[in-house]
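Have a look at the sequence and the model first, then read on.

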Amino acid sequence: MVSGASEQSGPPARPKLAVYKFSSCDGCQLSLLNLEDELLDLVEAVEIAYFLEARRRVLPPPYDIGLVEGSISTPEEAERIHQIRRDCKFLVAIGACATSGGLQALRNWADVREFTRAVYANPEYIRTLDTASPIAAYTFVDFELRGCPVNAQQLLELLTAVLMGREPKVPRHSVCLECKRRGLPCVLVSNGEPCLGPVTQAGCGALCPGCNRACYGCFGPMEQPNIRSLGRWFSERQERSPRTLKRLMRSYNGYLEPFKQEGDRYEQIEQGQE
Amino acid sequence: MTTGTNEISGPATSSITRPEPICGMDTWMPVATRVTAIKRENLNTHTYRMEIVDEALRAQYRWAPGQFNMLYAPGVGEAAISISSDADTPDMLDHTIRVVGSVTRTIFRTQVGEILGLRGPFGVGWPIDRLDGRDVVLVGGGIGIAPLRPVIYWLLANRDRVGRVVVLYGCRTPEDRVYAEELENWAEHAPIDVLVTVDNATGGWTGPVGVVTKLLQRIRVNAERTVVMVCGPRILNRVAASEFLQLHVPPSQVYVSLERNMNCGFGRCGHCQYGHWFVCKDGPVFCFKDIADIFAIEEI
Amino acid sequence: MNADDSVRQFLPKASLEALIAALRDQGYTVLGPRERDGVIALREVHAAADLAHGMHDEQAPGHYRLTADDDQLYFNYVLGADGPKRYLFPAQQRVVQLHVEGQRFVMDAASPAPPKLAFLGVRACELAAIAVQDRVFGADDPRTFRCEAELSYCETRRNAFFVAVNCTRPGGTCFCVSMGTGPKAERGYDLALTELRAGFVVEIGSERGREVAAQLPLRLPTEAELELADIKLAQARHSMGRTLQTDGLRTTLARNIEHPRWDQVAKRCLSCGNCTMVCPTCFCSTVVDSSALDGGSVTRTRLWESCFTHQFSYAHPGPVRHSIRGRYRQWLRHKLSTWWDQFGSSGCVGCGRCITWCPVGIDITEEACAIAATPSQSNSPFAEAWEGEGEAEAAGEVPR
């Protein structure tokens, strides 16, 4: 439980919140800033002590709650995360990058130096790790909030829960429950789309199916997903190639098990066919 | 379902084992209860003594041994907790709570004088209306002694109505004993047999060591006239029920209290289904003969 | 004109508008089948033009397609994914809002007044499903528990007006004939329609139905019209997409808890919960608390829950049904077997939704049939105490 600084005398201090950015697009930090209706309540409930994207003022550590966005992709990041862990009582990895390595973890299957040579005029200045990894690969985290980006309401629920000292209510079941509760038509059944909703963790509120699009798994695998069975349906009934299935698995959470394992499996099948 | 000659007849549940809920019958709005005392049982188990804040409601509140309440921490949720005090003083409610989740952890931070919510009492209790002239064996494991404690109080108050009374209790270490002083006191002074065993004899423990069912070797039961009540972890329920059946105690005289996920408490939310039973309203206390067909099957 | 219960009437096609208008005049929100993103959905209709028309649905396990149809009928399709359940038992419903004030809980918001709904185009299996949920939620038993959510169900239900449509073209996953629930609505409706090209043969099922019928330009049907309606319904009975042999099924499933078929279906089942969400009888729910950042105001919300989640059976130290096998088994046995013990009927009405909307096309009729075909009688190690006469010699080995 986060108790703020209740041990000190004087008026009770608000718990201090720190928000950090690692290799990422800033989208998850924006989710926090986009909580327009709740932002005022939030700054009343917590003191924003470190949030470079939102304010210049920085208060010294320790912090009660730390939110980390982004993956660990550079040697500096791999160093820095350990200090952050020491600075924060309750550390939360937010978003696909911080919880799975994110989209940039696609380089984990390739040669990153090849990429830097292709992209940068002077690749010798680029110092980067061979892999992009989730925060939990380098230090222990107290909670992981999935999504690309995270869902603002889930972020708010997380903060409320931490302030109250209870478990955040973050469902681990499929997107389908949210989709059906909203009464959305199933794009998989009624449109033959390769929707990952049945194996993906809920939390987005069935955002994509709500726009008549297939879920692409940005919240990562649900509890006990049966990816094999869904993949079989996609390949047999929708005639999707192993390459398509591999790509479905290897997107925002491609490096997160069991998406990784299944993606690798489809790659082997693909290579076996060549 | 079979009906042997020696079975206790009568309806499965009676008004004695199932008083109606005072709260929760028609609302998800819990009643406020005040914590009046907290007793530490062991490292992660405390007993909370509570009273319903509203005096009129407090006076109306009745419950039976084996029933449970949904205790409520506002904004967090509810947990099903059996009532462990004396049903003859229904205005004073004990709930023995072990920290296992969000709700119980929040309750653990509650101080004397603070309030919690309550809906209940729910469920069917132990068959105390069928104990006349019977020997009674109570088997508890860990915190499973909590729903049995009201039965012990009842037996002590109605000692002349029943035959031999045996309480078998097992837990991990002597320090883990719930109601340790009471157990010792009963063993010393009460007209009942109390035997406690531990898995690990830490400290100066000189008593029995081993699983609670091993204590059965130390007693002789008169199978025909014995009523058994078991409450513990799943494995204990299973082994204990099996051992008593091997001792020829009829299935109709073996009672087990089961634990399940509960949300509503009155058989509507579906969470606690156990075969066709709803543990919250058909249980938590079941007669073994009613559940023998599904007992010990995984994932029922 | 005089509408008589025993006499069937005829409503010309163009007068469907009058029916919708009459219901709206009486203050009903009329809900009917509308096309939405390629699926029939139950939504508000203001006029007949809002209803899906000239469409035909193709349904198979894990497959649904809506296509244009030359017949130009209103109700030539069957069910979409959602039905009246969504309105009687909302997917998300606030039950209580409260805050703590000193030593008491104060209720902040009362439940909203129940709506007045008219369901247009309800199928026989849906009416059967509503009757099943009535028993679950105690709508016909005033002595039962009735919290805010059940109260809302009962009142919405009591206020509701049902215009049934008899199915003349069953879908590819329908098996209402096997379950004895269709294709013709036998009870539970206020008005029932059988669609012909020129109009609808109308049956009146209640006093309320009679009052509405009195406002409609009904005429007596011709002999030919009645005969045609009967023939279409008879044909429908024989063109069910599926069948389920229900004889002895309840007992077979009760006893085949450890059948190897459960392992096979568990390899296919995604445990996504779609079947439970589209099932018109599934009633499981979870009430969750949510609170404002300052912890002041607390809202307790009831959500549709599914027995396919871990959380559903979670009891320390983990979910009781920790495998997909256990969860699928729970769902199927509940529908076709234990439901009988709980509520005196089957929990399945044969609507076929769970088959159509399963992302991998698992077919309840196929699974039940496979178990019935090779019953194995493998049950609890304690089953002897249950089966045998002499319980004194019960129970063999201790299962460890």
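1. A word on domains before anything else: their bounds come from an automatic or database domain assignment. In chain B that gives domain 1 (5–121) and domain 2 (128–257). The C-alpha centres of domain 1 of chain B and domain 2 of chain B are 23 Å apart.

2. Keep in mind that this is a predicted model, where local features need pLDDT of at least 70, side-chain atom pairs count only at pLDDT 80 or more, and totals for chains, interfaces and linings use all residues. Residues are numbered from 1 along each chain as its sequence is written, and chains are lettered from A and ligands numbered from 1 in the order in which they are written.

3. How do the two domains of chain B meet? Domain 1 of chain B puts 20 residues into the contact and domain 2 of chain B puts in 21 (two residues are in contact if their C-beta atoms, placed from the backbone, lie within 7 Å). On the domain 1 side, S1 and strand S5 (93–98) of chain B each give at least two residues; helices (H or I, at least four residues) and strands (E, at least two) are DSSP runs, numbered from the N terminus.

4. Now for chains B and C: 47 residues of chain B and 54 residues of chain C make up their contact. Strand S1 (31–42), strand S6 (115–122) and helix H5 (234–246) of chain B are the elements that give two or more residues to chain B's side.

5. Over residues 1–8 of chain A, though, the pLDDT is below 50.

Technical notes: pLDDT = per-residue confidence, 0-100.
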